[in-house]
Amino acid sequence: MGSLQLQDFAAGWVGGAASVVVGHPLDTIKTRLQAGHGYGNTLNCVLTVYRNESVAGFFRGMSFPLASIAVYSSVVFGVFSNTQRLLSQLRHGDPAHAPALTDVAVASMMAGFVSVGIGTPVDLVKIRLQMQTQPYSKANVNPKPTVPGFPVYRGPIHCFRTVLQKEGIAGIYRGMGAMLLRDVPGYCLYFIPYTFFCDWITPDGCISPNPSSVWLAGGVAGVISWGTATPMDVVKSRLQADGVYLNKYKGTLDCILQSYQNEGLKCYQEDLKVSYSPEPDEQCGMGEGSAALTDAARPAPTASAFLSATDLVPGGL
């Protein structure tokens with residue numbers, strides 16, 4: 001691995017922004033299926049949102065992730081990349097040495113921890129804006145004064161300020177526990193399969209994996225990662241959507257128990273079809289230009305490769 005390059009961050013910023021714009025409608029549908037009521041299936045959810053809110057309904061809550069994608073990507077990838085370099089320095093005396101799979105795992109976990117600190121407030125605002133037009137469905141719970149079905153927040157800044165004033169810092173970081181349980185193993189289960197499959201399908205003697213190898217490795221890694229992350233993503237979405245009109249869940253464990261008691265295991269699988277139609281960058285893997293290898297044969301995940309896992313973070317980062 002070489003030093004961090006400005007073009008990696010520029011590419012990450014542009015690619016991340018594009019992925020937010022293209023993927024946000026799918027993310028809105030995923031969130032509505034996870035935390036909303038009465039949709040039944042993906043197609044019915046799409047049609048209902050379009051009939052009630054037009055095309056604009058699919059893009060609710062997009063501006064905050066779009067504005068924060070550059071900071072998020074730079075900070076989290078910086079942690080991921082520098083952790084790998086530090087571990088290579090400690091193990092081999094050379095920060096540019098190709099990382100072992102254990103090093104990739106440790107760097108992924110560190111990136112997951114950092115992503116939660118940055119991403120939880122962004123995800124909360126995004127989900128509150130996506131869900132604020134949804135009616136509540138529990139007759140035995142007293143809703144807040146705002147009329148369900150009508151917007152509570154005027155925009156992302158108003159949403160952030162309102163949550164901070166009414167619920168404090170704890171409200172801004174609502175769902176952080178579920179996000180930790182989603183992102184820390186999620187990053188590991190993306191980058192380890194990605195590295196393994198890139199190494200496996202790249203012919204011996206090649207300096208870098210070809211685009212088709214990167215595409216395939218990124219797609220397989222994305223399926224594995226999201227397949228395991230979806231249950232905690234459902235819990236996170238429900239916790240963060242909770243509070244627009246009423247407070248139903250006391251915390252992560254309470255949300256898990258209530259969801260299971262009321263809906264069984266199927267509640268954790270409702271959005272899998274949408275999750276497996278990820279945002280464009282999730283399946284593209286790392287860019288060809290930044291796929292440089294060290295003298296060892298294993299491809300080291302780079303900035304673009306890191307960004308391909310970012311559907312686990314804000315805006316489907």
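These legends accompany views of a predicted model of a protein.

**View 1. Overall fold of the protein.** The protein contains eleven helices and zero strands. Of its 317 residues, 52% are buried. Among contacts with a separation of 6 or more, 76% join residues 24 or more positions apart.

**View 2. The salt bridge between aspartate 27 and lysine 126.** In this pair the closest N and O atoms are 2.8 Å apart. Aspartate 27 belongs to helix H1 (residues 6–35) and lysine 126 to helix H4 (residues 101–131), so that the pair links parts of the chain 99 residues apart. Aspartate 27 is buried at 5% relative accessibility, and lysine 126 is buried at 3%.

**View 3. The salt bridge between glutamate 53 and arginine 32.** The N to O distance here is 3.0 Å. Glutamate 53 lies in helix H2 (residues 42–53) and arginine 32 in helix H1, 21 residues apart. Glutamate 53 has a relative accessible area of 13% and counts as buried; arginine 32 is buried too, with 0%.

**View 4. The salt bridge between aspartate 103 and arginine 91.** The two side chains meet at 2.6 Å, N to O. Aspartate 103 is in helix H4 and arginine 91 in helix H3 (residues 63–92), twelve residues apart. Aspartate 103 is buried, at 1% relative accessibility.

**View 5. A network of salt bridges.** Salt bridges link Asp27, Lys30, Asp123, Lys126, Arg182, Asp183, Asp233 and Lys236. The count of salt bridges in the protein comes to 13.

Notes:
Residues are numbered from 1 along each chain as its sequence is written. This is a predicted model: local features need pLDDT of at least 70, side-chain atom pairs count only at pLDDT 80 or more; totals for chains, interfaces and linings use all residues. Side-chain values use heavy atoms; hydrogens and water are left out. Helices (H or I, at least four residues) and strands (E, at least two) are DSSP runs, numbered from the N terminus. Buried means under 20% relative accessible area, exposed over 50%, partly exposed in between (1.4 Å probe, protein chains only). Contact means heavy atoms within 4.5 Å. A salt bridge is a side-chain nitrogen of Lys or Arg within 4 Å of a carboxyl oxygen of Asp or Glu.
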